[in-house]
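Hi everyone, thanks for coming. Let me put the structure up, and then we'll walk through a few spots together.

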Amino acid sequence: MSRSPFTATKAFWQTRIRKRPLVLSHAINSRCNMRCSFCEYWKQNGPEMTLQEITGLLDEAKDFGIMIYNAWTAEPLLREDLPQILQHARELGIVTFLITNGLLLEKRAEQLKDLDYLSVSVDGINSYREIRGVDFKTKILPGIIKAKRYMKNPILMNCVLSGRNLDDIEELIRLAAELGVSIAFEPMYEFSGIADDVWKNIGVRDVEKYRRTVDMIIQMKKEGYPIINSYTYLKMARDMNTDFRCHAGELILNVTADGTIEHCRVEREPLGNVKDGLQKVWESSREKRKLIPLNCHRCLFFGYVENSLLYDMNLEVMRHYKWM
């Protein structure tokens with residue numbers, strides 16, 4: 001999203017004055033075409049909102065002041081009606097954002113003309129097959145290259161740092177620069193619903209190597225590589241420092257595939273359902289949303305942290321966090 005004075009004023013009015021969320025983060029479906037061992041979303045495979053229900057949700061979101069529609073998980077490109085959903089959001093004047101694993105991107109890139117921002121999960125180059133089970137260079141990279149033809153804004157490659165991809169990071173950053181795309185990093189969050197042997201295999205266990213890798217990311221950002229994270233966030237990620245005030249529950253309205261409204265992707269506390277009305281759920285859950293962050297498990301998802309720091313007027317983040 002452009003950081004024009006007009007846009008910034010609208011965002012300030014929505015979040016600070018009206019005290020309403022800026023982003024509708026929608027788990028647009030419950031299906032996935034990957035079976036990543038560290039992910040819990042593909043295992044749910046439950047009910048999904050219909051096209052009519054989603055367009056109705058977008059209409060209500062617009063009236064509620066929502067400025068950004070983020071379609072994600074389990075794999076949005078599996079929805080055949082995705083172009084109609086994006087078109088409806090765009091016609092409402094809502095900024096459209098999509099997060100994908102990229103496996104269907106080459107096939108469907110031409111259908112994303114109403115998409116403003118695209119994020120592709122890329123956890124490595126040589127390590128990608130071990131982490132996600134497919135070959136990056138033949139299955140994912142062609143889709144990113146093709147999508148560049150249709151995207152006005154830079155594509156983002158989002159990389160989750162794990163114990164399996166630290167040797168790949170420098171090459172991945174250089175690839176982003178060669179492709180003319182941006183790249184973001186965040187440490188892997190070890191969800192409790194995943195087996196311990198998975199985290200033993202893929203989690204960060206060599207802490208010193210991990211810290212050296214993040215220091216390298218910081219240095220390459222200083223050298224001008226297209227890394228969108230702020231220096232404040234990267235240092236927090238390096239030190240696994242979660243000492244910040246989280247505003248995710250104030251800035252983002254999280255809706256699951258079946259229409260449940262949850263606090264966030266970590267503290268998946270139900271607040272209500274879209275059928276109850278966004279405004280009603282938002283207002284009735286106000287006290288609950290204040291209490292949850294006080295006892296949360298603390299994550300370092302960059303979207304939550306960077307935007308929370310922006311909300312708190314962190315000047316370094318305002319200067320160096322480059323996404324949207």
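Let's start with Lys-62, which counts as partly exposed because its relative accessibility is 33%, where partly exposed lies between buried, under 20% relative accessible area, and exposed, over 50% (1.4 Å probe, protein chains only). Before going on, please note that this is a predicted model, where local features need pLDDT of at least 70, side-chain atom pairs count only at pLDDT 80 or more, and totals for chains, interfaces and linings use all residues. Residues are numbered from 1 along each chain as its sequence is written, and side-chain values use heavy atoms, with hydrogens and water left out.

Back to Lys-62, which sits in helix H2; helices (H or I, at least four residues) and strands (E, at least two) are DSSP runs, numbered from the N terminus. Leaving aside neighbours within four places in sequence, Lys-62 is in contact (heavy atoms within 4.5 Å) with Leu-92, Gly-93 and Ile-94. Leu-92 is 30 residues away along the chain, yet the two C-alpha atoms are separated by 6.9 Å.

Next, Glu-40, in the loop between strand S1 (23-27) and helix H2 (51-64). Is Glu-40 buried or exposed? Glu-40 counts as buried, because its relative accessibility is 18%. Not counting residues up to four places away in sequence, Glu-40 touches Phe-191, Ile-194 and Arg-268.

Finally, helix H10. Its buried residues include Tyr-210, Val-214 and Ile-217. What covers the buried residues of H10 includes strand S5 (156-161) and helix H8 (169-179). The face turned away from that buried side carries the exposed Arg-212 and Lys-222. Just after H10, Gly-224 takes a positive phi of about 100°.
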